[in-house]
Amino acid sequence: MPPRFKPIRSLTAALFLAACAVSGFAQPQPPAAQPASTIESRLKTELLALGFADGQLPVLKPAFGNYVDAVKVGNMLYLSSAAPQRPDGQFVKGRVPDQVGVADAMVAAKLACVRQIARLKLVLGDLNQVQRIVYVRGKVYSQPDFTDQTKVTDACSALYVSVFGDAGRHARTTEGIVAGPFGVAVEMETFVELKPTATLVSAAPEEKK
């Protein structure tokens, strides 16, 4: 090639390399890491907000009668009703709203649903085995003239949606009752659809010796 063409060739090569560098072709960059958003991480956030140390689920107390905490039928898991268990292991007791205010009753509803999630973790081993929260029934120990029970149970519903996302949206019934077992402020029943591959790893918490 005649010498007079060499500068043009060098300039063309330089421009090509510069264009590749700008487009990222010459030096491919790894995609930016996406923040993890899992059931467990969302649950931990809720547990910390409710005062559970290190965002850990509570240790469940054994059933108080002749029943089990969970029964699997097909791909459905039926959970017995759960009372609101505080981080210290004690239960929230009292009538709403004269003995337990509405705001405190809403927290109690969340605590009851935390106990249901603890049951799910115990019997399934992995919360990702949950296909959907299907149905919730809330029972609120109420004064006869109290009619805002839905506000109480909605706190439980909000927690399920926060933890499980769209899979936490469910049908629901709310009832006011004149008395509750052991005087607890609220109780929550929960029916859960499981993924086809889900199996139970445990049936109930063990009695401490």
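Predicted model: local features only at pLDDT ≥ 70, side-chain atom pairs only at ≥ 80, totals over all residues.

Reader: Does Tyr78 count as buried, partly exposed or exposed?

Author: Tyr78 sits in strand S2, which covers residues 76–82. Its relative accessibility is 34%. Because that value lies between 20% and 50%, Tyr78 counts as partly exposed.

Reader: Which residues form a nonpolar patch on the surface with Tyr78?

Author: The patch has about 320 Å² of accessible area together. Besides Tyr78, its members are Val68, Val71 and Val73.

Reader: How much space lies in the largest pocket, and which residues are closest to its centre?

Author: About 260 Å³ of space lies in there. The largest pocket is lined by 18 residues. Closest to its centre are Phe64, Tyr67, Ala83, Arg115 and Phe182.

Reader: How do the residues of that lining divide into nonpolar, polar and charged?

Author: Strand S2 and helix H3 (102–124) each supply at least two residues of the lining of the largest pocket. Sorted by kind, the lining residues come to 10 nonpolar, 2 polar and 6 charged.

Reader: And what separates the C-alpha atoms of Lys121 and Val201?

Author: Lys121 has its place in helix H3, and at 29% relative accessibility it counts as partly exposed. Along the chain, Lys121 and Val201 are 80 residues apart.

How values were computed:
Residues numbered from 1 in each chain as written. Heavy atoms only, no water. Patch = residues over 30% accessible without salt bridge, like charges linked within 9 Å, V, L, I, M, F, W, Y side chains within 5 Å. Areas by Shrake-Rupley, 256 points an atom, 1.4 Å probe, with all protein chains shown as cover. Salt bridge = Lys/Arg side-chain N within 4 Å of Asp/Glu carboxyl O. Helix = DSSP H or I, 4+ residues; strand = E, 2+ residues; numbered from the N terminus. Buried < 20%, exposed > 50% of the residue type's maximum accessible area, 1.4 Å probe, protein only. 1 Å grid on protein atoms, 1.4 Å probe; cavity = no way out; pocket = protein on both sides within 12 Å on 5 of 7 lines; lining within 4 Å. Points joined across faces, edges and corners; volume = space filled by probe spheres on them. Nonpolar A, V, L, I, M, F, W, Y, C, P; charged D, E, K, R; others polar.
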